[in-house]
Amino acid sequence: MKTFVRIDKRDATLAMAHIYVGFAALALGGLAGLLQVLVRSGRFTLPAGIGYYQVLTVHGVLLGLVLTTFFILGFQHAAISRTSGTYSGKSRLMGWLGFWVMLIGTIMAAVMILLNEATVLYTFYAPLQAHWIFYLGLTFVVVGSWLGGAGMIMKYVSWRKEHPGQPSPLLTFMAIINTVLWIVATIGVAGTVLFQLLPWSLGLVDRVDVLVSRTLFWYFGHPLVYFWLLPAYMAWYVIIPKVIGGKIFSDSLARLSFILFLLFSIPVGFHHQLVEPGIDAYWKFLQVILTFMVVIPSLMTAFSLFATFEMYGRSKGATGLFGWFKKLPWGDARFTVPFIGMVAFIPAGAGGLINASNQMNQVVHNTIWVTGHFHLTLATSVVLTFFGIAYWLVPHLTGRVLTKAMNKLAIVQAIVWAVGMSIMSGAMHAVGLLGAPRRSSYSTYGDAPQALDWIPYQIAQAVGGTILFIGIILVLYIFINLAFFSPKGEEEFPVGEQAETAERTPMALENWKIWLTILAALILVAYSAPFIDMIQNAPPASKGYRMW
Ligand code: HAS
């Protein structure tokens, strides 16, 4: 018998509030992206004195930081309420406090960017300096996310008290791992903002140590990308099996892969700093090895997904190595949209391995290849999966249904996205190998002799980017329809079950003492000696400069 489980209305409102902000950021950030590719083509100039880097900052902050953080927190609140039960008043209050603090911080940062007082790109590296209100806004966003995370952890703790000796629901466990990962990672960015960038922008200190601030940033920056990825993996492991009518291959394997992400995603930030002086080659080497360790849980995920698809296909009579492929529900957007994201993750992950390999990194670092890499990982695999989630989550939360027409349009949207991104990201990868720099506008290198060779690729980027913008209009249209206009009804929040043949989940996987101790040890090994070294041998700090 089909039982319909609806999330409590109050929890649904909390989750939807986050998702509205996320989609508003998508609309504005997407528009900024379109302007950027047009400027890079060398055939378009921004009106009204708006600067290229200002638009680039709007794009990166809104899509890389605001869309992701708000969507992820909204999804995780919903996932925990769905699988561990309705939030207590205290958890929900923390959720709301977190939401408002994050929103206030976002508005503060956004206003400063729009006033051209914080044109520092989404990585806000020193020695670029922004207005202090921008840094304070970022602090609010981080603190707000901690409050929201605390609400989730409170619910998890109370569930475990009520169910002693039982493993927590898989989706809740995954959301909690991602929350812990985020809290540990954001300590780095909070450190640089509070102790370096804020005092410096307020004029309380004259100079800032650039290497220390970049190191603290990348201590946060790499786990940040897994904070984006893990909610997509939650959908791939737990939601997709249910949508296709199959089973989760193994609950234990899924939990183990999330634990490995928690352990190995943090002590690897140096792979973003491989060409930076001031860090001993030994520590870079160690962190490159740890980077290859963090690839393992992704390979486990690929294995588990193939197993789920194959088990399902065989149960439907498929034979041969790839017979299962034909049995998958291609007409269902809840499956097809994230599946396109999975396929994109194969070349995207291969690009990541190239980046992480020290010698090859010398070729691609700071070229637009890296931009191509994160448009495949974040802007395709992750974002398409988020869209795929939104197509059932939004109607579930608003008490509506995903209609046949919207389902069809969602598949068209994903195809448009895949075509636009293949052209744009493909051109970025290719011209990156020819040495085209990232983060630079045509006007800064238009006279360089080699820039002539880059022109066809830049035009391709503009074509791909324009197609992607059509994709954004489509997804916004679908979102508004699902949130406000589609018929009232019951849309399922799909949650998969483990296959009968799988082993029981060992409780050691939920022993936080073990995992947090190993995590702390790994961070100390990877970071303490190089960090002491940086401080002891610090060069004269930089006074900094502004980009406008
Ligand atoms: Fe990365 C730079 C290395 C993954 C995002 N990365 C970036 C930046 C961003 C980013 C934003 O080592 C730029 C930061 C900046 O502004 O400077 N990255 C890696 C590695 C991985 C990786 C080793 N990155 C990601 C993910 C991101 C992301 C995920 C966002 C969500 N990245 C780097 C490095 C740099 C870097 C260097 C610095 C470059 C430089 O010099 O500046 C790995 O995690 C990738 C592992 C993935 C796999 C793929 C597994 C495949 C799966 C799909 C299965 C498919 C199925 C469907 C089942 C091994 C799970 C099959 C169906 C069929 C029909 C076949």
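Axes are lines fitted to C-alpha atoms, for helices over the stretch in contact, and angles run from 0 to 180 degrees between N-to-C directions. The views below show a predicted model, in which local features need pLDDT of at least 70 and side-chain atom pairs count only at pLDDT 80 or more, while totals for chains, interfaces and linings use all residues. Residues are numbered from 1 along each chain as its sequence is written, and side-chain values use heavy atoms, with hydrogens and water left out.

**View 1. Crossing of helices H6 and H12.** Helices (H or I, at least four residues) and strands (E, at least two) are DSSP runs numbered from the N terminus. The axes of H6 and H12 cross at roughly 55° and come within 9 Å. H6 is therefore oblique to H12 (angles under 35 degrees count as roughly parallel, over 145 as roughly antiparallel, 65 to 115 as roughly perpendicular and the rest as oblique). The crossing of H6 and H12 is left-handed, a term used if the near helix is turned anticlockwise from the far one by less than a right angle, with right-handed used if clockwise. From H6, Trp228, Leu229, Pro231, Ala232, Ala235, Trp236 and Ile239 meet residues of H12 that include Leu378, Phe386 and Trp392; contact means heavy atoms within 4.5 Å. By class, the contact of H6 with H12 has twelve nonpolar, two polar and no charged residues. Here Ala, Val, Leu, Ile, Met, Phe, Trp, Tyr, Cys and Pro count as nonpolar, Asp, Glu, Lys and Arg as charged, and the others, Gly among them, as polar.

**View 2. Crossing of helices H1 and H15.** The axes of H1 and H15 (residues 451-485) come within 9 Å and cross at roughly 160°. This angle makes H1 roughly antiparallel to H15. The crossing of H1 and H15 is left-handed. Among the contact residues are Met16, Phe23 and Arg40 of H1, and Gln458, Gly465 and Phe484 of H15. The contact of H1 with H15 comprises 18 nonpolar, five polar and one charged residues.

View 3. On a 1 Å grid over the protein atoms alone, a cavity is a set of points where a 1.4 Å probe fits but cannot get out, and a pocket is an open set with protein on both sides within 12 Å along at least five of seven lines; lining residues have an atom within 4 Å of a point. Across the whole structure, a search finds three cavities of 30 Å³ or more.

View 4. The volume of the second largest pocket is about 660 Å³. Of its 36 lining residues, Val61, Leu62, Val66, Ala110 and Ile113 are the closest to its centre. H2 supplies the largest share of the lining, nine residues. By class, the lining of this pocket has 33 nonpolar, three polar and no charged residues.

Key. Grid points are joined across faces, edges and corners, and a volume is the space filled by probe spheres set on the points.
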